[in-house]
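Here are my notebook entries from a walk through this structure. I went from strands to cores and then to the chain contacts.

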Amino acid sequence: MTARPPVMLSELQLDALTELVNIGVSKAANSLRAMVGAQVHLSVPTVALVSRGEAIGILSEREIKNLVAVHQVFEGDITGRALLIFPETKSLELVRAITGGDLPLEDIIELEQEALAETGNVLLNSCLATIANMLHRSLKMSLPEVLRGNATTFFSLAPPPEAGDVVMFLYIDFAVRERDISGYIAMIMDLPSLTALTHLLDEFIERTTG
Amino acid sequence: MIELERKLLLAAIDALDAGVAVLDRDQRVIGWNDWLASASGVTAPQADKRTLAEIFPGKLSTRLAASISEALELNSSSFLTHTLNRNLLPLRTRAGLEMLHNISVRPLGTMPDLSCVVQIVDVTASAHRERVLRERQNARYDAVVESAPDAIFTADASGLIQFANPSALRELGFSKHELIGRPLSALFDDSTRWGEFWREVLDNPSPPRAVELVARRANGSSSYLEVSASRWVSAGHVFVTAILHDVNERHAAEKALRTLNSTLELRVAERTQERDQVWQVSQDMLGVASINGVWISVNPAWERILGWSSVDILGKTSEWLEHPDDVRAFRAEFDRLAAAEKTFNFENTMRTRSGDYRVLAWTAVNADGLLYCVARDITEQRRQEDALAKAEDALRQSQKMEAVGQLTGGLAHDFNNLLTGISGSLELLQIRIAQARYKDVDRYISMARGAANRAAALTHRLLAFSRRQTLDPKATDINRLVAGMQDLINNTVGPAIEVKIVEGRSLWATLVDPNQLENALLNLCINARDAMPDGGKITIETDNSTLNQPAAAEHEMKAGEYVVLSVSDTGTGMTDEVIQRAFDPFYTTKPLGQGTGLGLSMIYGFAKQSGGQVRISSKLGVGTTVHILLPRHDERESAADDVEDFVAAPRAGAGETVLIVDDEPSVRMLVTEVLAELGYTAIEAADGSSALRVLQSDVRIDLLVTDVGLPGGMNGRQLADFGRLDRPKLKVLFITGYAEKSVFAKDRPEEGMGILTKPFAMDSLAARIKELIASNG
């Protein structure tokens, strides 16, 4: 599992992907801004393509064991799962940031589930849909689902992919109402999907540069 | 899935407990089920082919609109909650209440020919239930937390503040907005301590012991807080609730106590140092001894004064270095000390290392079973006192010699005065007899006798004075006494001085020795005369006087009734300095030979002894008045002693012979005359040896009358003793000017012996002679 993925993105392909993702999250930021009525900044400074094992290692290393994730499945030319992941301790902060901070703690705990689901949905939709749109492809996305657990449980969801998989790992920074919250977006794809993605990226690069 | 008939499918959609709207790619309604028609109040025909924005003008949320657009354009699904999106659509329940609802938007079909379905779920009931539950919880929670006097924080597992109660805001001075989301650790000064505490809270299911931490308030001041905390879990989240109890008061009290303690220690140290300093530098010997006198501690002064080191002194009593004469007394003092908690002062002498002795004055007190002693070395002081005593003795001796000189001169002066009176009278007597003018003879005779009596009294008094004998006070009428003195005073002061007597009326009697008072009066008159060398006036005044308490106290007397005898002159007066010293013995302003210096001091002593007082008032150049105050006496003066009649004296028997021995011819002649008058035969002898020859002969001698002091190496006593060898029953009468009893071995006349003091009255002599001869010697 620690082996390097068989297909690697070129630097150019990664740059293109990073740009696409940033376009996606900036759209998400607009959506969130409309929703919470406050300035929202989102940015994805880096994109990395790692194996599932590496992804688990990175998360386990950097974050305390309790994590929270918003999970959505996407299907189409590229198929896989998208996860927006936060340390559990940050999730309440995120909810508080989004809801405005004046709500009592009890309310925030109650709201957490739905609020996380909706926020994650907005963010993931924007990212995936924007990428798909830019690549002239269509992805069908499921409704969001909130998961609690650790890196291992998040990356071992049933059913397991048939032919190995790869994780596109994005760091994401939120800045809402003077709070800075960092989390991750992980897109777990099987190898055919990744191959399709590289082709799509190449087409996109050709279009935009050519 | 089973293919349903279109009609059945539509019925199923209408029967759903959820709202369903299907929109075509232009967002126009192509499906609208009954549930939605009921909730929105818009029927399916009304909604048909219209967009949601048209159906709910101004009331469609932008979020829903965006989601629909995304679904149709991007093929994405959206979930919109009532929690984040108020009033997604204007929907009502069947009862007409506002309906809380969640919406999901899903795309249908494939791109680019997409439509979407909008599903609406009623969550009013569950939201309402949650709210009721929450409110109920909150009510309890608020009662405790919101009104708690302690600051209460709830932080999430990462330590960020999620909740702060009003006391917390008040205590730290932050607004809620400033606190929420901040790390709780930022509140405390000691982040290490807090970190340890925090880990302990997170790692242990049971809350750890409270810790005291200093928090920093918004205004920068510090606050002492006792922090207790426990963790709890809600919906999978770990929280920590911390209670911060204000212990500033307790802390301030503790701090004050600590300050007090530390300053107390400092003060005690200072005191101790002071005492130690005193102990070290004291010039006096300081020591602490047990109750039995064993020295426990001594200061360095011991070594300085006695030369013995503390090693020599400690652990035993100081008996070994005490002077043998002192040991017993010193032990006794220690025993007394052991008995009572009282301070004692005593002296002893202790031996120094070099062998000499130091005199020590001790002050010791028994406190708590220990003897605290201070000894001052008074050796030098003693030496000086001794030297002073010697010097004083020497001074007294020289003063005595001076006094004797004064006295001798003064006596000569006094006697001269008296002799003047006597010889003057005799001279006048001789003249009157020669002129055969017998009328005044008696007066001159009594004047001479009076002077002679006073001279006799003077010598008596001198003898009495030298022997410190007390004289015999009698009830005395002072007016009579003064009147009796008038002639003598006149003669004594001379013609240049006028003597005026002012007698007080109904004068009280007083208890006094009349002879002393006469002498005092004469003395005062002589002083007055001497103060008026160019003549003047003497006023003798008597009066009654009653002294009240203040007046009496002023003169150091008892209040009461007094007789005052005053002698005033118009003389030179006295300075204050002279008045101050006027009563000192031997003090005189007169030239040598003119005064004894005893006059006023004797008057003073006599007046005091008689229960009275002497006061002097004087003004330089104007005169002096001396007042003698004597206490009133209830008895009247007894009838004047009968003048013993020489003529009535007993006569001698036939042939009775008396041997008279005296070196003074006038005395011999006088005694012979008297004896002849009385019918005795008298044989005269001038000294002891010639008298002894007479005694050794067989001449009849009925009585030996002899002076005690005789020339020729044999005194009267010895003469009598030799005489008695041949005439064992010889009767002897000693006449002496000294009134000494030394002639008698046992201070008492032996059988057949008598003594008569010169001068004597002739009838006294006759009586004594008669008495002795008549006795059975």
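I call a residue buried if 20 or more other C-beta atoms lie within 10 Å of its own, exposed if 12 or fewer do, and partly exposed in between, with C-beta atoms placed from the backbone. Helices (H or I, at least four residues) and strands (E, at least two) are DSSP runs, numbered from the N terminus.

**Ground rules.** I am working on a predicted model, where local features need pLDDT of at least 70, side-chain atom pairs count only at pLDDT 80 or more, and totals for chains, interfaces and linings use all residues. Residues count from 1 along each chain as its sequence is written, while chains are lettered from A and ligands numbered from 1 in the order in which they are written.

**Entry 1: strand E1 of chain B.**

Next I looked up its partners, taking two strands as paired if DSSP finds at least two bridges between them. E1(B) runs antiparallel to E5(B), joined by five bridges, and B:Leu23 sits opposite B:Cys116 there. With E2(B) I noted three bridges, also antiparallel, and B:Val22 faces B:Gly31. E1(B) and E2(B) make a hairpin with five residues between them, and B:Gln27 in the turn has a positive phi of about 70 degrees.

**Entry 2: the sheet around it.** In what order do the five strands of this open sheet lie? I read E2-E1-E5-E4-E3 in chain B, with antiparallel pairing. At the edges are strand E2 (29-32) and strand E3 (78-80) of chain B, each pairing on one side only. Neighbouring strands are turned by 15 degrees against each other on average, direction ignored; axes here are lines fitted to C-alpha atoms, for helices over the stretch in contact, with angles from 0 to 180 degrees between N-to-C directions.

E4 (residues 101-110) and E5 (residues 113-122) of chain B pair over 10 bridges in the antiparallel sense, and I marked B:His101 opposite B:Asp122. Helix H5 (residues 62-74) of chain B lies across E1, E3, E4 and E5 of chain B, at about 20 degrees to E4(B).

**Entry 3: strand E23 of chain B.** Why do I call strand E23 (residues 657-661) of chain B largely enclosed by the rest of the structure? Because four of its five residues are buried. Five bridges tie E23(B) in parallel to strand E24 (residues 681-685) of chain B, with B:Val658 opposite B:Ala682.

**Entry 4: the cores.** A nonpolar core is a set of buried Ala, Val, Leu, Ile, Met, Phe, Trp, Tyr and Cys residues joined through C-beta atoms within 7 Å. The largest has 98 residues, of which A:Leu128 and A:Ala186 touch the most other members. Helix H4 (residues 105-134) of chain A gives the most to this core, 13 residues. I used contact to mean C-beta atoms, placed from the backbone, within 7 Å. Not counting residues up to four places away in sequence, A:Leu128 touches A:Phe74, A:Ala82, A:Leu139 and A:Met141. A second, separate core of 43 residues includes B:Met447, B:Ile489, B:Phe606 and B:Leu630.

**Entry 5: chain A and a loop residue.** I listed six helices and eight strands in chain A, and 49% of its 210 residues are buried. A:Asn66 is in the loop between helix H2 (52-62) and strand E3 (67-76) of chain A. Is A:Asn66 buried or partly exposed? Partly exposed, because it has 16 C-beta neighbours inside 10 Å. Leaving aside neighbours within four places in sequence, A:Asn66 contacts A:Pro87 and A:Glu88.

**Entry 6: where the chains meet.** How many residues of chain B are in contact with chain A? I have 34 of chain B against 33 of chain A. H5(B) supplies the largest share of the chain B side, five residues.

Technical notes
Contact = placed C-beta atoms within 7 Å.
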